[in-house]
Amino acid sequence: MTTLWKNDSELFSIARTELFTALVGDVLDKMGYLHQFLPPHIKPLRNDMVVIGRAMPVLEADVFAERRFEDSQSAMADNPIVDVMRKPFGIMFEALDQLQPGEVYICSGSSPRYALWGGLMSTRAIAIGAAGAVVDGFSRDTNEILRLGFPTFSQGTYAQDQGPRGKVIDYRVPIEFGGITVRPGDIVFGDLDGVIIVPKEAEEDAFAGAIEKARGEKQVKQALEQGMSTVDAFAKYGIM
C-alpha cells in the first residue's frame, strides 16, 4: 500500500494539484495499459475544468418512437425492459439519484443525436457531491452548467433533448465508451487534454508512478531553464 495517500480524497487532491492526464497516461503505457484514453473529441465545457472520481457507468439507448405498452397479454408483457421503456428518460432519474459523493456519471451507448447531460442534472449532482459528468454525446444548458462550475465533459453542446430520443436502461454496470471498457469503481481523470480511465487494479501503481514523474519533471524543467541540454537532462533524469 502506498504511503503517498490514505484515501480517495487525498489521492484526488494530489491529482488536481500536481498531475495531469498525460502523466498518468504515460505511466499506464509503461504498465502495458495502452488503450485507456477516451476518444479525443470528449472535451470539457471550459478549459480549466478537471474531473476525477470513481466511475458510475450509465448505459443509454436510442428510441425512435414512444411505444404504448397497454396490452398486458402481449408477448412483451413479461419483458423487464418494458417497465424501463414506459418511463420518461428510462431510469435516468434513478441513476442520477444513486450517484455517491466523489463519483462521476459516465454515460455511453447512444448515438450522438441529443444531449445526455444538462443543467438540472448538474444541480442534482452537485447536491449529492458528485465529482463530474462524462458523456459520449452532447451536453446542453451550457451557460447554467458553466455558472454552476460543474465539471462536464462531452462531444460538445447541442440543445436537442434526450426525452423522446433516448433512455437510460441500466447503471452501475460495465460499459464501453469509445472502445474503452469502463467498470464501476474505475477512476475517471479528465482535463483539457483528454479523459483517461484508470482500472481499479492498476490505480495504485499508475498514480504513484505519475506523482514520481511529475515531481521529477520539475527537476528537469529547472535544469533546462538553467541551460542544461535535453540530451544531458534525459541522461541524468531519464524523463522528458
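**Pocket, rings and core**

Modeller: Let's start with the pocket: α4, β4 and α5 each supply at least two residues of the lining of the largest pocket. Keep in mind that this is a predicted model.

Colleague: How many residues line the largest pocket, and which lie nearest its centre?

Modeller: The lining has 15 residues, with Met 92, Gly 118, Met 121, Arg 140 and Asp 161 nearest the centre. The space in that largest pocket comes to about 220 Å³.

Colleague: On to the rings. How many aromatic pairs are there in the whole structure?

Modeller: A search of the whole structure turns up four aromatic pairs. One of them is Tyr 105 with Trp 117, whose ring centres are 4.9 Å apart and whose planes meet at 50°.

Colleague: Why is the pair of Tyr 105 and Trp 117 called tilted?

Modeller: Stacked needs planes under 30 degrees apart and edge-to-face needs over 60, with the rest counted as tilted. The planes of Tyr 105 and Trp 117 are at 50°, so the pair is tilted.

Colleague: What makes you say that this pair ties together separate parts?

Modeller: Tyr 105 lies in strand β3 (residues 103–108) and Trp 117 in strand β4 (residues 115–117), so the pair ties together parts that are 12 residues apart in sequence. Tyr 105 and Trp 117 are both buried.

Colleague: And what about Trp 117 and Phe 150: why is that pair stacked?

Modeller: The cut-off for stacked is planes under 30 degrees apart, with centres within 6.5 Å for a pair. Trp 117 and Phe 150 have 15° between the planes and 5.9 Å centre to centre, so they count as a stacked pair.

Colleague: Which residues have the most contacts inside the largest nonpolar core?

Modeller: Val 58, Leu 99, Tyr 105, Trp 117, Phe 150 and Val 168 have the most, in a core of 22 residues. At least two residues of this core come from each of β2 (51–62), α4 (92–97), β3, β4, α5 (119–128) and β5 (132–135). There is also a second, separate core of 21 residues, which includes Phe 12, Ile 196, Ala 202 and Phe 207.

Colleague: What does Tyr 105 touch, leaving out residues up to four places away in sequence?

Modeller: Among them are Met 56, Val 58, Met 92, Leu 99, Trp 117, Met 121 and Val 168.

Colleague: How do you know that β2 is mostly covered?

Modeller: Buried means under 20% relative accessible area, and nine of the 12 residues of β2 are buried.

Colleague: What makes β2 and β3 a strand pair?

Modeller: A pair takes at least two bridges, and β2 and β3 have six, in the parallel sense. Met 56 stands opposite Tyr 105 in β3.

Methods. Residues are numbered from 1 along each chain as its sequence is written. This is a predicted model: local features need pLDDT of at least 70, side-chain atom pairs count only at pLDDT 80 or more; totals for chains, interfaces and linings use all residues. Side-chain values use heavy atoms; hydrogens and water are left out. Rings of Phe, Tyr and Trp (its six-membered ring) pair if their centres lie within 6.5 Å; planes under 30 degrees apart count as stacked, over 60 as edge-to-face and the rest as tilted. Helices (H or I, at least four residues) and strands (E, at least two) are DSSP runs, numbered from the N terminus. Buried means under 20% relative accessible area, exposed over 50%, partly exposed in between (1.4 Å probe, protein chains only). A nonpolar core is a set of buried Ala, Val, Leu, Ile, Met, Phe, Trp, Tyr and Cys residues joined through side-chain atoms within 4.5 Å. Contact means heavy atoms within 4.5 Å. On a 1 Å grid over the protein atoms alone, a cavity is a set of points where a 1.4 Å probe fits but cannot get out, and a pocket is an open set with protein on both sides within 12 Å along at least five of seven lines; lining residues have an atom within 4 Å of a point. Grid points are joined across faces, edges and corners, and a volume is the space filled by probe spheres set on the points.
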